[in-house]
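Please look over the structure below. This report walks through its core, its helix packing and a few backbone details.

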Amino acid sequence: MPSLVSSRDVKSNKISGISDNINFSPDVTLRTTWAKLRDNSTTGVVFFVVCRGKVSEGLDFADQAGRAVIMTGIPFAMRKDPKIRLKREFLDQHVLSQKGSKKDQIFFKKIPSKSCRPRIREMLQAAAKMGLTVCRTWAFNDGDYNALQIAPGQFDERVFKALDYVIAESRQVGIRLLFSLVNNLQAYGGKTQYVKWAWDEGVGLSASNDSFFFDPSIRLYFKNYVKTILTRKNSITGVVYRDDPTIFGWELINEPRCITDASGDTLQDWIEEMSSFIKSIDRKHMLTIGLEGFYGPKSPKKDSVNPEFWAADLGADFVRNSAPSTIDFASVHIYPDHWFKKKSLEGKLKFVAKWMRSHIEDGDQVLKKPVMFTEFGLSDLNKGFNPSQRDQFYKTVYDVIYESAKKKGAGGGSFAWQYFVEGMEDYNDDFGIVPWKRASTYEIITKHTCELAKVHGRIESQNLKQLCNH
């Protein structure tokens, strides 16, 4: 499905340790590191270099045993620390002086502005023409440029009206919205911003990013945010969000991980509390989590289905997390080129089919719930990338969904990361596409749309009739 978000952080799960011996084995180093981190009897400071991805996607700043992990030599500190403030001011000034920074400023200014609205309308209209029915996007921007939530409980009405507009425009074209409520990653604030707020106010229990899940003050921040979103009255339509049928559902958090508690208990407790809280306010909309889909340390599938060993130690477990009655459908992501660095395309596609079938099987036999693949993408930064590879990847995903749909199975649908219209190149990352720019890609997408519509007997809209009856 299309996405209106403007960029995606690069995913990474590979971290290399600094060693006196340069010729170390990354896999051995990783296994040794994970073993030591799980041993609460160890002490000291560990120094790491994040080879790819954001700091927030590497190890956390501190664990529940109080042991610090320093990222690129800079320990976590409150923004009010004088040295940190001076550093931030220097970096801000440096960015403004750089060639190309004007484009970045324009990018952030355009997001909630009226100048961006024609593109939002064009994307939604294009999605409807392709027969797509649901758009997943962010309902958050915490403490960042043009933040929706400026500080805990403080909102920018101008930005809120931009979100109102997205809902109103979606309603006009018949697209429904799946709104994610917070980011596990640092982009758009994320859980890191909540932890910073708590520390700035002197109420934070830990400097760990994962304290987002267990700190009572931060849990209250998030609950207040959620309540504000759910009870918002749209300034254009006059409909309260929790009553709006244009909203398909809510996603608790994008790609949650709680590395400081590999058992999964901390994240599970948070999921159960927050999902119950949302249902106490809104019982009209469906709710999912936003999981990547990894199996936890106690899962019988952790070795046979997970991409690699590290996936079981991220504090999440697909089946356990998705089991509560407050969770209406399960969510899974698919990024084989970021989970594997050495597999061939053929090997990655075989994994994708196995990964998807395993989760659909869980939905059918264990969870008794639909399973939505709420993000999938193939990077064009891969060595030797060719657009035909992305076609093969899309077709693999769609074939497994269609296979399940024909049997009335749990495979409920998929959301590509991410679709654009022409003129939005500056908003793109290495996953985004303009679907109709490549005829073969467009045909794969629209064929899948029609196959699912026919299976479910829902070729009713004018768009689908024109698309599927030619």
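Is Glu 255 buried or exposed? Glu 255 is buried, at a relative accessible area of 2%. Keep in mind that this is a predicted model.

**Backbone details**

Glu 255 is not a glycine, yet its phi is positive, at about 55°. This residue sits in the loop between strand S8 (247-251) and H9.

Lys 368 also has a positive phi without being a glycine; the value is near 60°. Its loop runs between H12 and strand S11 (371-376). Lys 368 is exposed, because its relative accessible area of 62% is over the 50% cut-off.

Gln 418 belongs to the loop between strand S12 (411-416) and helix H14 (439-455).

**Overall make-up**

The protein has 470 residues, and 54% of them are buried. Its secondary structure comprises 15 helices and 12 strands. Take the contacts between residues at least 6 apart in sequence: 72% of these join residues at least 24 apart.

**The nonpolar cores**

The largest nonpolar core holds 105 residues. Phe 212, Trp 250, Trp 270, Tyr 394 and Tyr 419 have the most contacts inside it. Helix H12 (residues 345-367) is the top contributor to this core, giving eight residues. Another core lies apart from it and has six residues, including Val 134, Leu 178, Phe 248 and Phe 329.

What does Phe 212 touch, leaving aside its neighbours within four places in sequence? Its contacts are Val 182, Lys 191, Tyr 194, Val 195, Ile 218, Arg 219, Phe 222, Ile 253 and Trp 270. Two of these partners, Arg 219 and Phe 222, are in H8 and take part in its contact with H9. Trp 270 is on the H9 side of that contact.

**Helix pairs**

Two packed helices are described by the angle between their axes and the distance between the axes.

| Helix pair | Axis distance | Angle |
|---|---|---|
| H8 (residues 216-230) and H9 (residues 265-281) | within 11 Å | roughly 30° |
| H12 and H13 (residues 387-406) | within 10 Å | roughly 25° |
| H13 and H14 | 10 Å | about 5° |

Start with H8 and H9. Their axes cross at roughly 30°, so H8 is roughly parallel to H9. The crossing is right-handed. From H8 come Arg 219, Phe 222, Lys 223, Val 226, Lys 227 and Leu 230. They meet Thr 266, Asp 269, Trp 270, Glu 273, Met 274, Phe 277, Ile 278 and Ile 281 in H9. By class, this contact has eight nonpolar, one polar and five charged residues.

Next come H12 and H13. Their axes cross at roughly 25°; H12 and H13 are therefore roughly parallel to each other. This crossing, too, is right-handed. H12 brings Leu 345, Leu 349, Val 352, Ala 353, Met 356, Arg 357 and Ile 360 to the contact. H13 answers with Gln 389, Gln 392, Phe 393, Thr 396, Val 397, Val 400, Ile 401, Glu 403 and Ser 404. The classes here are 10 nonpolar, four polar and two charged residues.

H13 also packs on H14. The angle is about 5°, so H13 and H14 are roughly parallel to each other. On the H13 side are Asp 391, Tyr 394, Lys 395, Tyr 398, Ile 401, Tyr 402, Ala 405 and Lys 406. Their partners in H14 are Ser 440, Thr 441, Ile 444, Ile 445, His 448, Glu 451, Leu 452 and Val 455. This contact counts nine nonpolar, three polar and four charged residues.

Ile 445 lies in helix H14. How accessible is Ile 445? Its relative accessibility is 1%, so Ile 445 counts as buried. Beyond its neighbours within four places in sequence, Ile 445 is in contact with Met 130, Leu 132, Tyr 394, Tyr 398, Tyr 419, Ile 433 and Pro 435. Tyr 394 and Tyr 398 are among the H13 residues that meet H14. Tyr 394 and Tyr 419 are also among the residues with the most contacts inside the largest core. Pro 435 is 10 residues from Ile 445 along the chain, and their C-alpha atoms are 8.1 Å apart.

Note on methods
Residues are numbered from 1 along each chain as its sequence is written. This is a predicted model: local features need pLDDT of at least 70, side-chain atom pairs count only at pLDDT 80 or more; totals for chains, interfaces and linings use all residues. Side-chain values use heavy atoms; hydrogens and water are left out. A nonpolar core is a set of buried Ala, Val, Leu, Ile, Met, Phe, Trp, Tyr and Cys residues joined through side-chain atoms within 4.5 Å. Buried means under 20% relative accessible area, exposed over 50%, partly exposed in between (1.4 Å probe, protein chains only). Helices (H or I, at least four residues) and strands (E, at least two) are DSSP runs, numbered from the N terminus. Contact means heavy atoms within 4.5 Å. Axes are lines fitted to C-alpha atoms, for helices over the stretch in contact, and angles run from 0 to 180 degrees between N-to-C directions. Angles under 35 degrees count as roughly parallel, over 145 as roughly antiparallel, 65 to 115 as roughly perpendicular and the rest as oblique. A crossing is left-handed if the near helix is turned anticlockwise from the far one by less than a right angle, and right-handed if clockwise. Ala, Val, Leu, Ile, Met, Phe, Trp, Tyr, Cys and Pro count as nonpolar, Asp, Glu, Lys and Arg as charged, and the others, Gly among them, as polar.
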